[in-house]
Amino acid sequence: VNVDTETEDFVFFMHPSMLEGNEYDNQFDILILGNDTVAYDKGGTNIAEMIEEQTGATVYNCALEGSFMASETGSLEEVKDSPRDAFCFFWISDSIQTGKWDLQEKALETLPEDCDREHYAEVLELLKSIDYDQIDLLLIYYDGHDYLAHHPGHNPFNMFDISSMEGSFTGSYERYPINYPYMQHMFITPTFCYAVKEDGTKQGCDIADMGFGNLPTCLTPIQVQTQNYSVSYLDNFYGININEQTADQYLLEDGITPNDTGREMIANRISEFINVRLGNK
């Protein structure tokens with residue numbers, strides 16, 4: 001069945017009174033936290049580099065291939081058993097708030113083999129060097145790997161459960177507005193991807209239930225929370241023309257990572273959103 005859908009973007013503008021006292025340095029600085037899609041630069045230009053070129057901003061790309069938005073474990077005590085968790089959105093955000101990076105330093109030594117430890121170490125040094133008071137916009141861009149890894153969209157009994165995507169987001173945004181009152185924020189949704197069923201066949205993420213519903217269902221709680229925390233929401237799931245009919249044109253063979261053309265589409269849309277809707281230009 002063909003169903004017409006509308007892009008679900010919405011944007012929050014800062015009231016001028018909220019910027020009183022901010023000593024703007026005339027340079028628009030963007031920090032990107034995310035994973036594979038925005039970290040990917042093999043055989044083509046990186047999304048972050050295209051955003052930098054199209055917006056004129058200074059972009060700090062701290063996306064990490066193989067990382068997740070949600071934590072695979074629910075507590076700090078268990079991170080030692082899952083060192084990748086130290087680099088999930090919640091614990092990276094926690095370190096940004098506190099200025100303490102001990103957790104990530106320790107986790108580097110025991111990261112699984114599928115993580116590029118050298119790149120993780122480079123990104124960690126970049127994260128430690130940034131003056132977060134000067135960051136104008138935080139982009140949060142995690143692709144569909146959380147969904148494919150069976151991470152829940154939310155915990156109906158605990159909205160701060162960091163092992164869910166919603167909990168990782170809400171736990172972080174209880175503090176960002178307090179510690180960085182002049183920082184603006186944008187959550188970017190994943191684009192279409194394929195899930196592999198038990199029999200080895202592929203199914204679109206708009207249909208496949210990985211244990212917590214399809215991908216749009218997993219995103220719904222975060223969409224609600226972005227409104228609660230005044231975070232702009234850029235809907236690339238419906239806003240980018242990647243779907244089951246066009247996936248062969250825009251995705252690599254892994255069924256999730258956009259190819260050069262797909263990455264250009266994504267970067268163009270994010271840049272336009274920044275330039276026009278957030279008033280950067």
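**A walk through a predicted model**

Let me start with Pro258, which sits in the loop between helix 11 (247-250) and helix 12 (260-277), where helices are DSSP runs of H or I with at least four residues, strands are runs of E with at least two, and both are numbered from the N terminus. Residues are numbered from 1 along each chain as its sequence is written, and side-chain values use heavy atoms, with hydrogens and water left out.

Is Pro258 buried or exposed? Pro258 counts as buried because its relative accessibility is 0%, and the terms here are buried for under 20% relative accessible area, exposed for over 50% and partly exposed in between, with a 1.4 Å probe and protein chains only. Leaving out residues up to four places away in sequence, Pro258 touches Thr37, Thr191, Tyr250, Leu251, Leu252, Arg263 and Ile266, contact meaning heavy atoms within 4.5 Å.

Now to another loop residue, His151, which lies between helix 6 (145-148) and helix 7 (165-173). His151 is buried too, since its relative accessibility is 7%, and its side chain makes a polar contact of 2.8 Å with the side chain of Asp146. A polar contact is a pair of N or O atoms within 3.5 Å; within protein, one must be able to donate a hydrogen and the other to accept it, and residues adjacent in sequence count only if both atoms are side-chain atoms.

Helix 7 brings us to a helix pair, because helix 3 (residues 89-98) packs against helix 7 at an angle of about 10 degrees, with the axes 9 Å apart, which makes the two roughly parallel. Axes are lines fitted to C-alpha atoms, for helices over the stretch in contact, and angles run from 0 to 180 degrees between N-to-C directions; those under 35 degrees count as roughly parallel, over 145 as roughly antiparallel, 65 to 115 as roughly perpendicular and the rest as oblique. On the helix 3 side the contact is made by Phe89, Phe90, Ser93 and Gln97, and on the helix 7 side by Ser168, Phe169, Gly171, Ser172 and Tyr173.

Note on methods: This is a predicted model: local features need pLDDT of at least 70, side-chain atom pairs count only at pLDDT 80 or more; totals for chains, interfaces and linings use all residues.
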